[in-house]
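Let's walk through this structure together, one spot at a time.

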Amino acid sequence: MMSVLDEYEGADESSVVSSMLWVRNLRRYIRSDVDLESEAMLELQTRKILLHIFKEKQRKSAKAGIIPSFYKRKPEDGSISHTVQRLAKYRFLKKQSDILLNSDDLDAMWLILRENCVIDETTGSEKVNYEDFCQIASLCTEQIGSKCYRFFSPSNFMKFGKDESGRIPILPFYLYVMRTVSLTQARIDMSELDEDSDGFLQPYEMEAYIRGLIPNLAQLCDMPTEFVQMYCHIAAHKFFFFCDPSRRGKACIKKILLSNCLQELMELHQESEEGDAENTENWFSLASAQRICDAFLDLDKDGNSTLSKEELQGYADGTLTDIFIERAFDEHVHHGKTVIGNPWEMDFESFLDFVLALDNKDTPEGLTYLFKCLDLHGRGFLTAADIHILFRDVREKWIQVGNYELCTEDIRDEIWDMVKPVDPLRITLSDLIACKQGGSIASMLIDVRGFWAHDNRENLLQEDLEPCEPDAAGRT
């Protein structure tokens with residue numbers, strides 16, 4: 001180490017020492033007679049030295065009136081800064097993982113909770129008061145360790161509803177602990193895959209996370225090996241549809257953890273008791289992914305791995321209007337794939353967005369996709385004339401199948417009554433989201449089947465409320 005420092009003495013020492021304060025501090029430390037102490041003491045001393053240097057630099061910057069830097073270039077791969085950053089990240093994530101409760105710890109906590117609770121004679125639920133809560137905290141700390149103590153804080157106790165005796169049910173508390181542990185583990189796993197440590201995941205990183213989950217998900221563990229890559233691609237696409245609305249190609253880890261998508265994915269931990277047809281309601285189920293692939297392949301008549309407007313018109317049994325298909329291509333497929341001399345065609349990526357928007361019309365993300373198609377002139381709002389144009393195709397399809405005549409003005413007035421827009425002459429995306437009926441209104445304007453569902457909503461509601469009666473064979 002002394003030879004390295006001596007090399008600096010042959011150079012322009014004033015420039016080197018002034019720009020590299022750590023060289024001067026390290027030389028002073030080595031030439032001193034201080035004995036080497038424990039690693040913890042060395043870490044503490046190093047921290048004090050660096051903190052002193054940092055504060056001195058802050059003081060000089062404040063005195064000179066320098067604007068603090070708000071952007072720092074990411075270190076290059078292979079550099080010392082990059083290596084130190086990766087090592088620090090690894091040590092931090094390992095420390096967080098070590099203090100996380102495992103399945104055995106959670107089982108032990110549940111056992112302690114049940115052994116030290118009381119049964120509510122009215123509801124039959126198991127509850128604890130604050131004194132019992134503190135006692136359970138001590139028992140858990142003795143048997144499990146200090147890593148569980150943070151869950152037994154007074155603020156956590158106050159998060160749960162209490163009865164007249166000041167007791168909380170133990171089941172919601174235990175579920176809270178389990179969900180916290182699960183989300184923390186998920187965040188650690190995602191952070192390990194975040195190569196540039198910016199708190200965002202790119203599509204291939206999200207696919208890697210899902211691929212790592214597959215062996216632990218009961219409903220996916222038997223997935224054919226050759227389908228794994230396609231499944232991960234389809235599953236990751238939903239996360240980016242909802243968590244990357246600006247289509248920047250990366251999704252915030254915090255937003256992913258708080259999204260309903262992750263909760264829907266984690267539902268696959270439970271063994272499925274339903275048939276494949278019912279299981280397609282979960283986007284992340286194997287049956288759903290296979291259904292989407294089969295739908296795309298069935299529509300792709302020429303087998304060129306893209307869909308033309310004519311081919312997409314066959315989606316949903318041809319009930320979507322021609323103008324909606326045209327607008328979907330105008331707004332969402334102009335960056336798709338094309339063959340020289342041929343018009344734009346929808347690739348599989350755009351098809352996934354299309355399906356997600358139609359399956360999630362009641363969400364802000366789905367409505368945002370559909371509103372761009374409904375906004376015929378790109379003005380950010382719909383007028384009565386737009387409603388007339390959009391509903392014209394629905395009316396034609398409606399009459400073609402033998403239904404009664406429709407009055408477009410009545411439908412327009414009904415839509416205005418449903419939305420109640422801020423501006424009585426125009427409907428904006430915010431109006432559609434705020435009225436809580438945006439999905440139904442969008443369906444009425446793009447899908448004859450959606451209009452039929454709205455027209456028969458009272459009968460459909462009555463059918464849902466009535467119990468199923470057995471037929472002559474005893475079937476329901």
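**A tour from loop to core**

R247 lies in the loop between α11 and β5 (251–252); helices here are DSSP runs of H or I with at least four residues, strands are runs of E with at least two, and both are numbered from the N terminus. You are looking at a predicted model, in which local features need pLDDT of at least 70 and side-chain atom pairs count only at pLDDT 80 or more, while totals for chains, interfaces and linings use all residues. Residues are numbered from 1 along each chain as its sequence is written, and side-chain values use heavy atoms, with hydrogens and water left out.

R247 is partly exposed, with a relative accessible area of 44%; buried means under 20%, exposed over 50%, and partly exposed in between, using a 1.4 Å probe and protein chains only. Its backbone deserves a look too: R247 is not a glycine, yet has a positive phi of about 55°. Most residues other than glycine have a negative phi. S305, in the loop between α15 and α16 (309–312), also has a positive phi, of about 70°, without being a glycine.

Now turn to K127, which sits in strand β2 (residues 126–128). Is K127 buried or exposed? K127 is buried, with a relative accessible area of 9%. Which side chains make polar contacts with the side chain of K127? One is that of D120, at 2.9 Å, and another is that of D163, at 3.3 Å. A polar contact here is a pair of N or O atoms within 3.5 Å; within protein, one must be able to donate a hydrogen and the other to accept it, and residues adjacent in sequence count only if both atoms are side-chain atoms. Beyond neighbours within four places in sequence, K127 is in contact (heavy atoms within 4.5 Å) with residues including C117, V118, R167 and I170.

Finally, the aromatic rings. Rings of Phe, Tyr and Trp (its six-membered ring) pair if their centres lie within 6.5 Å; planes under 30 degrees apart count as stacked, over 60 as edge-to-face and the rest as tilted. The count comes to 20 aromatic pairs. In one of them, the centres of F239 and F284 are 5.4 Å apart and the planes are at 45°, so the pair is tilted. F239 lies in helix α11 (residues 228–243) and F284 in the loop between α14 (276–279) and α15 (286–299), so the pair ties together parts 45 residues apart in sequence. F239 is buried, at 0% relative accessible area, and F284 is buried at 0%.
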